[in-house]
Amino acid sequence: MNTIKFSHRYPKLHEQTYAELLKVYLIDLPKDMNERLYEYDTAYRNSKGLKQHYKLSDGEYIQLVFCGNYHIPFCTIRKRFNYRYCNYDKFAFYNSKIGQRFNIEVEEKK
């Protein structure tokens, strides 16, 4: 089973537990990032309820677009390559998974 992991409980997920991957886009940061997308994609509340943002560095990313089990669409932005763990092209990997179901896992760090 496919799984997509998140480090925080993002509001954009609406507590959905699984989703179908609809589309994969290539994006370049900072060129393709705007304030609205940054706010939507990275905002979350910490354990004290304070608003924070997940940090994104410059570089090549993929944007994954899903429709969740409550029929609420959402997207997530991920590094295209992560040389620390692997150097395969995640765009090609996720592009081959379009139409498939992904379980959503939230692994909040304390």
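Is D89 buried, partly exposed or exposed? I started my notebook with that one, and D89 turned out to be partly exposed, with a relative accessible area of 23%. Buried would need a value under 20%. A reminder to myself: this is a predicted model.

**Entry 1: who D89 talks to**

I looked for a partner and found R80: the two side chains meet in a salt bridge, 2.7 Å from N to O. R80 also has a salt bridge with E60, at 3.6 Å from N to O. R80 sits in the loop between β6 and α2 (90–95), while E60 is in strand β5, so this pair ties together parts that are 20 residues apart in sequence. Put together, E60, R80 and D89 are linked in a network of salt bridges.

R80 counts as buried, at 14% relative accessibility. E60 counts as partly exposed, at 41%.

**Entry 2: another salt bridge**

How many salt bridges does the structure hold? I got six. One of them joins E39 and K51, whose closest N and O atoms are 2.3 Å apart. E39 belongs to helix α1 and K51 to strand β4 (residues 51–53), so the pair ties together parts that are twelve residues apart in sequence. Both ends came out partly exposed: E39 has a relative accessible area of 30%, and K51 has 43%.

**Entry 3: the parts list**

Next I went through the whole chain and found two helices and seven strands. Going along the sequence, the pattern reads β-β-α-β-β-β-β-α-β. The radius of gyration is 14 Å, close to the 13 Å that the globule rule gives for 110 residues, so the chain is as compact as a globular protein of that length. I also noted the span of the C-alpha trace along its principal axes, about 40 × 30 × 25 Å.

**Entry 4: the sheet**

In what order do the five strands of the open sheet come? I wrote down β1-β7-β2-β5-β6, with mixed pairing. The edges are β1 and β6 (73–79), each of which pairs on one side only. On average, neighbouring strands here are turned by 40 degrees against each other, ignoring direction.

Then I checked what packs on the sheet. Helix α1 (residues 35–42) does, touching β5 and β6, and its direction makes about 95 degrees with that of β6.

I also zoomed in on two of the pairings. β2 (residues 18–29) and β5 (residues 59–68) are antiparallel, paired over ten bridges. There, E20 has C67 in β5 as its bridge partner. β1 and β7 (residues 101–106) run parallel, joined by five bridges. In that pair, K5 stands opposite E105 in β7.

**Entry 5: two faces of β1**

Which residues of β1 are on the covered face? For this strand (residues 2–6), I listed N2, I4 and F6. T3 and K5 are on the uncovered face.

**Entry 6: whole-chain numbers**

I finished with totals. Buried residues make up 35% of the 110 in the chain. Of the contacts with a separation of 6 or more, 71% are between residues 24 or more positions apart. The accessible surface comes to about 7,300 Å², and 50% of that belongs to carbon and sulfur atoms.

Note on methods
Residues numbered from 1 in each chain as written. Predicted model: local features only at pLDDT ≥ 70, side-chain atom pairs only at ≥ 80, totals over all residues. Heavy atoms only, no water. Buried < 20%, exposed > 50% of the residue type's maximum accessible area, 1.4 Å probe, protein only. Helix = DSSP H or I, 4+ residues; strand = E, 2+ residues; numbered from the N terminus. Pairing = 2+ DSSP bridges. Axes fitted to C-alpha atoms, helices over the stretch in contact; angles between N-to-C directions. Contact = heavy atoms within 4.5 Å. Salt bridge = Lys/Arg side-chain N within 4 Å of Asp/Glu carboxyl O. Rg over C-alpha atoms; globule rule 2.2 N^0.38 Å. Areas by Shrake-Rupley, 256 points an atom, 1.4 Å probe, with all protein chains shown as cover.
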